[in-house]
Amino acid sequence: MGDQIIRIGAVADIHYSRDKETRLKPLFEHAARSVDILLLGGDLTDYGMPEEVDSLVRDLKVAADIPIIAVLGNHDFESGREQEVMAILRAGGVRVLDGDTCEVRGIGIAGVKGFGGGFARGTLEPWGEAGVKRFVQEAVDEAMKLERALARITAPTRIALLHYAPIRDTVVGEPEEIFGFLGSGRLEEPLHRYGVTAVFHGHAHKGAPEGKTSGGIPVYNVALPVLRRIEAQGPPLRILELPVYESPTR
Ligand SMILES: [Fe+2]
Ligand SMILES: [Fe+2]
């Protein structure tokens with residue numbers, strides 16, 4: 001790879017499972033050859049079981065030469081063993097972000113899972129029953145985590161890695177009745193405040209591949225089924241090339 005361009009590859013919703021053979025090793029080999037950073041946008045497993053993530057970590061070994069950065073998705077929480085899931089990923093060399101950041105060659109990446117709650121006029125407000133307030137609080141907390149992570153990035157370029165969608169555009173294609181469970185517009189404001197360059201998310205398997213925030217930031221839905229639909233001819237990996245602003249080392 002040249003010095004001036006960094007290539008970011010992203011995919012989400014790979015749903016490693018113990019019931020079916022998941023064969024994404026060729027995709028990870030392709031990533032190792034084609035990109036400088038691999039981002040995994042949550043739902044790495046079907047049920048958040050250690051054996052599922054074990055097989056993922058085994059397959060990811062072929063991409064051990066590039067930084068692999070991940071957030072978890074709702075499926076990875078299903079068994080209540082997300083701490084184990086994260087520990088296995090980290091032991092396998094994956095940087096798992098949950099409201100924190102990492103930097104690679106002048107690119108700062110902030111990662112959070114995000115949450116549902118809807119968009120614009122369809123945003124659920126914290127009013128009425130305690131259960132509704134708890135649900136909304138979860139969305140508010142995730143947006144705060146994103147905000148704090150972005151604030152810590154000192155790199156010239158900021159990228160956000162999420163599981164849930166921050167805008168409505170990229171969930172279009174899913175049944176409208178479930179839009180409120182696919183993402184939260186509360187995640188959008190921090191993206192603008194910190195001048196994020198691009199956003200990757202998953203979760204909306206039937207959503208649209210790309211959209212823009214109201215402030216024009218590109219948002220990519222990299223859920224594996226979405227990428228398979230748009231990249232029928234090639235490997236399902238969204239690749240974004242960005243200029244590198246790091247100071248020269250030689
Ligand atoms: Fe998923
Ligand atoms: Fe999901």
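**Six-stranded sheet**

I started with the open sheet of six strands, which runs β5-β6-β7-β8-β10-β9 with mixed pairing. Its edge strands are β5 (100–104) and β9 (210–212), and each pairs on one side only. Neighbouring strands here are turned by 20° against each other on average, direction ignored. I worked on a predicted model, where local features need pLDDT of at least 70, side-chain atom pairs count only at pLDDT 80 or more, and totals for chains, interfaces and linings use all residues. Residues are numbered from 1 along each chain as its sequence is written, and chains are lettered from A and ligands numbered from 1 in the order in which they are written.

Terms I kept at hand: helices (H or I, at least four residues) and strands (E, at least two) are DSSP runs, numbered from the N terminus. Two strands pair if DSSP finds at least two bridges between them. Axes are lines fitted to C-alpha atoms, for helices over the stretch in contact, with angles from 0 to 180 degrees between N-to-C directions.

**Pairings in that sheet**

I went along the sheet from β5. β5 and β6 pair in the antiparallel sense over five bridges. Valine 104 stands opposite isoleucine 107 in β6. The hairpin of these strands has two residues between them, and arginine 105 takes a positive phi near 45° there.

Next I looked up β6 (residues 107–111) against β7, which pair in the parallel sense over five bridges. Alanine 110 stands opposite alanine 160 in β7.

Further along, three bridges join β8 (residues 198–201) to β10 (residues 218–221), and these strands run parallel. Phenylalanine 200 has tyrosine 220 as its bridge partner in β10.

**How covered is β7?**

Strand β7 (residues 157–161) is mostly covered, with five of its five residues buried. I used this scale: buried means 20 or more other C-beta atoms within 10 Å of the residue's own, exposed means 12 or fewer, partly exposed is in between, and C-beta atoms are placed from the backbone. In a regular strand the side chains alternate between the two faces of the sheet. I checked both faces of β7: Thr157, Ile159 and Leu161 are buried on one side, Arg158 and Ala160 on the other.

**Loops**

Most residues other than glycine have a negative phi.

- Aspartate 13 has a positive phi of about 55° although it is not a glycine. It lies in the loop between β1 (5–11) and α1 (25–34).
- Histidine 203 has a positive phi of about 80° and is not a glycine either. Its place is in the loop between β8 and β9.

I then turned to aspartate 169, in the loop between β7 and α5 (179–182). With 17 C-beta neighbours inside 10 Å, aspartate 169 counts as partly exposed. Leaving out residues up to four places away in sequence, aspartate 169 touches Ala208, Gly211, Lys212 and Val219. Contact here means C-beta atoms, placed from the backbone, within 7 Å. Aspartate 169 and lysine 212 are 43 residues apart in sequence and 7.3 Å apart in space, C-alpha to C-alpha.

**Five-stranded sheet**

The other entry is an open sheet of five strands, ordered β4-β3-β2-β1-β11, with mixed pairing. β4 (94–96) and β11 (238–243) are its edge strands, each pairing on one side only. The twist averages 25° from one strand to the next. β1 and β2 (residues 37–41) pair in the parallel sense over four bridges. Leucine 40 in β2 is the bridge partner of valine 11.

**At what angle do α2 and α3 pack?**

Helix α2 (residues 50–60) and helix α3 (residues 82–91) pack at about 20°, with their axes 9 Å apart. They are therefore roughly parallel to each other; that label covers angles under 35 degrees, while over 145 is roughly antiparallel, 65 to 115 roughly perpendicular and the rest oblique. Pro50, Val53, Asp54 and Val57 in α2 meet Glu84, Val85, Ile88 and Leu89 in α3.

**Whole chain**

Last, I took the totals. The protein chain has seven helices and 11 strands. Its radius of gyration is 17 Å, close to the 18 Å that the globule rule gives for 250 residues, so the chain is as compact as a globular protein of that length. The radius is taken over C-alpha atoms, and the rule is 2.2 Å times the number of residues to the power 0.38. Buried residues make up 46% of the 250 residues.

Terms used: Contact = placed C-beta atoms within 7 Å.
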